Amino acid sequence: MINKIIKRALNEQDLKKDEVLDLFKTRSYENILKIFEAASELRDSNNKSIKLTSTVHLTNVCKITPKCKYCGFAAKTSSEGYYYSFSKTEDEILMAAQSVKKAGIPRISCSGAHGYNGQHAVQAAKIVKENTNLELLINVGSDLTKESVKQLTEYNTDTVCCNLETINLKLFNELKPGEKLKDRLMTCKMVEDEGIELSSGLLIGIGESYQDRVNHLFFLKEFHTLGEVPIMGFNPYMETPMENHPPCSLIEQMKTIAITRLVFQDMRITVPTPTIGPENVKFSLMAGADNVATVIPDHYPLDVKGVGSSTYGNFKEVVKTIRELGLNPEINEIPCPVKEVGITKT
Ligand code: SF4
């Protein structure tokens with residue numbers, strides 16, 4: 001049965017919902033290994049290199065109340081996170097972006113908390129796009145308006161991310177009492193309507209069922225501009241309402257990454273280093289991921305705490321891991337040292 005489903009995926013046929021559920025339900029290690037191998041094979045047949053995405057966190061001052069129960073990013077949520085409030089200045093965002101560019105990392109994610117109608121995102125897009133050649137992902141959740149999405153397009157933002165986390169409404173409302181799933185859905189729709197590439201992912205290990213994951217993956221298929229699916233395993237932050245909830249196991253994360261690859265054969269499948277753990281990046285790649293996120297270069301000028309856990313991947317170590325697996329990290333040619341171009345301000 002599993003062999004037949006895998007064969008259909010390898011032949012680039014669309015899997016049906018019940019087939020995907022069977023893949024999730026399989027418990028035999030032999031079958032799980034076959035799913036990983038098929039996922040890697042599909043990734044390698046469609047994609048010759050592994051994308052690297054760095055990050056800059058714009059602000060942790062979040063106006064969502066009450067806070068999401070798992071959140072350790074917003075100010076005062078966890079002593080393992082940033083804890084103290086910050087909002088990065090234009091110069092700090094520029095310095096961070098330039099250090100990413102200098103390292104040869106091709107892509108940066110600018111993410112931040114809620115309550116700014118997307119204007120923090122627009123400011124970051126302007127700085128990154130007017131001063132670097134980096135590919136840009138913006139992630140401020142549902143804190144975007146039609147107008148700010150339009151402005152992001154004008155600054156040539158490549159991708160906008162709005163993670164639904166889970167489409168199990170009861171679970172969403174329980175874990176995110178200050179947010180509404182419909183607001184996140186509307187944001188994804190606005191991004192699609194604007195013709196920008198959409199990134200939208202799953203937070204797993206939060207009490208969702210396999211059927212929830214299957215429903216979520218098939219729901220995402222409906223967005224025509226979907227180009228990226230992040231798979232994020234839950235890790236508890238101290239002092240949050242979910243501090244005693246068990247972390248998502250590595251095998252569940254690998255299984256979900258691999259099954260996502262069998263469903264979305266040519267899609268960018270992202271694994272943030274904080275959620276899988278920097279030491280486990282190789283397992284995400286063995287499961288068919290092709291984008292490693294929150295990759296921080298040496299000499300990065302800002303303090304970083306990962307989102308999803310406070311750890312993050314070091315650029316050189318991630319590159320070494322990718323090469324050790326015989327894969328090819330996408331790295332931009334490092335430019336010769338030239339006079340730094342000053343910031344373009346409004
Ligand atoms: S997860 Fe995001 S939206 Fe929720 S409280 Fe934290 S920063 Fe705010």
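Predicted model: local features only at pLDDT ≥ 70, side-chain atom pairs only at ≥ 80, totals over all residues.
This section describes selected helices, loops and the ligand surroundings of the structure. Residue numbering starts from 1 along each chain as its sequence is written. Helices (H or I, at least four residues) and strands (E, at least two) are DSSP runs, numbered from the N terminus.

Helix 1 (residues 2–10) and helix 3 (residues 29–46) have axes that come within 10 Å and cross at roughly 5°. Axes are lines fitted to C-alpha atoms, for helices over the stretch in contact, and angles run from 0 to 180 degrees between N-to-C directions. Helix 1 and helix 3 are therefore roughly parallel to each other, angles under 35 degrees being counted as roughly parallel, over 145 as roughly antiparallel, 65 to 115 as roughly perpendicular and the rest as oblique. Helix 1 contributes I2, I6, A9 and L10 to the contact, and helix 3 contributes N31, K34, I35, A38, E41 and L42; two residues are in contact if their C-beta atoms, placed from the backbone, lie within 7 Å. By class, the residues of this contact comprise 7 nonpolar, 1 polar and 2 charged. In this scheme Ala, Val, Leu, Ile, Met, Phe, Trp, Tyr, Cys and Pro count as nonpolar, Asp, Glu, Lys and Arg as charged, and the others, Gly among them, as polar.

The 18 residues of helix 3 should span 26 Å at 1.5 Å a residue, and the end C-alpha atoms are 26 Å apart, which agrees; the expected span is 1.5 Å times one less than the number of residues. Within helix 3, the buried residues are I35, F36, A38, A39, S40, L42 and R43. A residue is buried if 20 or more other C-beta atoms lie within 10 Å of its own, exposed if 12 or fewer, and partly exposed in between, with C-beta atoms placed from the backbone. The packing partners of the buried residues of helix 3 are helix 1, helix 2 (17–25), helix 10 (250–263) and helix 12 (281–286). In the loop between helix 3 and strand 1 lies S49, which is partly exposed, with 13 other C-beta atoms within 10 Å. Leaving aside residues up to four places away in sequence, S49 touches N328, P329 and E330. The C-alpha atoms of S49 and I331 are 9.3 Å apart in space, although the two residues are 282 residues apart in sequence.

The buried residues of helix 4 are I93, L94, A96, A97, V100, K101 and A103. These residues pack against strand 1 (51–57), strand 2 (107–111), helix 5 (119–131) and helix 13 (315–324). I93 counts as buried with 24 C-beta neighbours inside 10 Å. Not counting residues up to four places away in sequence, I93 touches V56, L58, K88, A124 and I127. After helix 4 comes G104, with a positive phi near 95°.

The loop between strand 1 and helix 4 contains P66, and the peptide bond from T65 to P66 is cis, with omega near -10°. Y83 belongs to the loop between strand 1 and helix 4 and has a positive phi of about 65° although it is not a glycine. Y83 is partly exposed, with 16 C-beta neighbours inside 10 Å. T294, in the loop between strand 9 (291–293) and strand 10 (295–296), has a positive phi near 55° and is likewise a residue other than glycine. With 27 C-beta neighbours inside 10 Å, T294 is buried.

The ligand is surrounded by C62, I64, K67, C68, C71, F73, A74, A113, H114 and G141, a residue being near a molecule or strand if its C-beta atom, placed from the backbone, lies within 6 Å of it. This shell divides into 7 nonpolar, 2 polar and 1 charged residues. A74 is located in the loop between strand 1 and helix 4 and is buried, with 22 C-beta neighbours inside 10 Å. Residues up to four places away in sequence aside, A74 touches N60, C62, K67 and A113.
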